[in-house]
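This briefing is meant for a reader who is meeting the structure for the first time.

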Amino acid sequence: MPKDCSYTEVIVPNVDSIRIQYLLKNLLSNGKHTLIVGSTGTGKSITIMNELKQSFYNDEFMYLGLSFSAQTSANQTQMIIDGGMEKKRKGFYGPALGKEGIIFVDDLNMPLKEVYGAQPPIELLRQWMDYGGWYDIDTPEREFRFTQKVSFVAAMGPPGGGRNSITNRYVRHFNIVYVEPYSDNSLNSIFCNVMEWMYRSAQKLPYGANIEKLKENIVMATINVYNDVQKKFRPTPAKSHYTFNLRDLSKVFQGMSKTNARAVVSDDQMVKLWAHECLRVFQDRLISIEDRELFKEMISEKMTEKFKKNWDKIVQHKPLLFASFTPLIFPEGDETKKPYNDIYCELTDRVKVKKVCEDSLTDFNMMYRAKKMDLVLFTDAIEHIVKIHRVITTQLGHSLLVGVGGSGRKSLTELATFIAGFQIEVIEMPKGYNMVAWREDMVKKIFLACGVEANPLVFLFSDSQIINEAFLEDINNILNNGEIPNLYKPEDIVQIIESVKEANKSNPEFKEIAEDNNRVKELFAT
Ligand SMILES: Nc1ncnc2c1ncn2[C@@H]1O[C@H](COP(=O)(O)OP(=O)(O)OP(=O)(O)O)[C@@H](O)[C@H]1O
Ligand SMILES: [Mg+2]
């Protein structure tokens, strides 16, 4: 693991993932279609992508990825696959000369069933399996087009919770591999390695020995909390979002990796940081005061059990909050003040936090007179700002704010974004706003702005803006893959490729992929 890679690039090989990768490699290189099944958060997508990168990103293979969702249509699917193929001779298509194609379909069983119980995108793929192709929809003749030399690898969760059962007539074409959820041992090894990486990459300054030795306990405590949360907070109709998976567990460590040895000097602080990340990841999702209180109890018990610390003694500033409001706020007792490099530390001086928020609000109102906000920054509002700030400054951080109207979701987000120094983009939707305008906005205002011009950006989208369900579909794709399929026009792609090349000019590793425009584009999406 390189020291300077980012958190989301850290993939720890373990017994479970190596097993799957071995099978995948052998099946795919022999042209066998493979279907990976397993419940959510078992690392299916990450393992498949990892294997494709390791063994199939080369001159012999061409990779094409698509991700299904409830609204995916057969036409979309066909367009994405056809778009990646070249014409061989009349009626015959396939990957570029001399290459085998590998098509990765993620979340295969998401598409909704139509009135007759079929799932059109899946039926289309089944037709390919049975007859080797489909009818051309671009020409009036509707000529049959064969697609050759491709194999499929797909991933899906077991039916239930929005995922449907898919027809056996399709499944029978696949070699099916079932993925077990990671055992506690594997989880332990994954996150011990992640912690190890975090300690080593701690921006030159090493952590003290008293903090280093907390590693095993932190990992154990987090896994315990994760298991307990799943048992105690069950989903019910009113609390249907009480579902927790590996991603949440991983978020706790991601949060911890945001800090460094300058902000965390004592073991008390490390334990508090751990508790804080658990609260943010798990507690913020709970919807009643009882549940929240119960969770806090759980954490404080764990704290006594694993770290021999008393919650009330070490948490002096309540509620417990960590944030990287640097260069405005520095860790307590830190006299260096520079370089600050975003230090994620406990906010001990609440008066100062309030002042930072108020000053930022004044600045905001000066800068954007038209959008002037009149906010009273009481304690809860400040707490929300800190929480939102934490999410948007986290890599791949997205948040869904739920609350009654007028609870300040929008204005607090605007302020938190302002403090973080990000741009905010709220799409205006005049009368007659449609899909074409939406796609245009997505390209110009979102992707080119943050990708090509490299502006950190927050995209704020509210429920009143969902005038077309397909918007959610696109957002789902962005969250899953970082892009919307078939979004760019050829001229946008040229611009994107140029900008990525320009930005990576001095990166030696980039040379390898600079030739292949598909991979350059992929880099853009990440
Ligand atoms: N070996 C690993 N090393 C580090 N992190 C991992 C590993 N395996 C899984 N994770 C973490 O678990 C998260 C979930 O993995 P992934 O997205 O592959 O799940 P999935 O099985 O595809 O879930 P879904 O069915 O919901 O799509 C990843 O984002 C990553 O943070
Ligand atoms: Mg997945």
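This is a predicted model: local features need pLDDT of at least 70, side-chain atom pairs count only at pLDDT 80 or more; totals for chains, interfaces and linings use all residues.

**Domains**

- Because domain 1 (7-181) and domain 2 (184-346) both contribute residues to the shell around ligand 1, the ligand lies between them.
- There are 20 residues around ligand 1, and those that come nearest are Thr40, Gly43, Lys44, Ser45 and Ile46.
- Helix H2 (44-56) and helix H9 (246-256) each provide at least two residues of this shell.
- By residue class, the shell around ligand 1 consists of 10 polar, 7 nonpolar and 3 charged residues.

**An open sheet of 4 strands**
- The strands of this open sheet follow the order S3-S4-S7-S6, and their pairing is mixed.
- Strand S3 (86-89) and strand S6 (133-135) form the edges, each of them pairing on one side only.
- On average, and with direction ignored, neighbouring strands of the sheet are turned by 35 degrees against each other.
- S3 pairs with strand S4 (residues 92-94) in the antiparallel sense over 3 bridges, and Tyr93 in S4 is the bridge partner of Lys87.
- Helix H4 (residues 120-131) packs on the sheet, where it touches S6 and strand S7 (144-147), and the direction of H4 makes about 120 degrees with that of S6.

Technical notes
Residues are numbered from 1 along each chain as its sequence is written. Chains are lettered from A and ligands numbered from 1 in the order in which they are written. Two strands pair if DSSP finds at least two bridges between them. Axes are lines fitted to C-alpha atoms, for helices over the stretch in contact, and angles run from 0 to 180 degrees between N-to-C directions. Two residues are in contact if their C-beta atoms, placed from the backbone, lie within 7 Å. A residue is near a molecule or strand if its C-beta atom, placed from the backbone, lies within 6 Å of it. Ala, Val, Leu, Ile, Met, Phe, Trp, Tyr, Cys and Pro count as nonpolar, Asp, Glu, Lys and Arg as charged, and the others, Gly among them, as polar. Domain bounds come from an automatic or database domain assignment.
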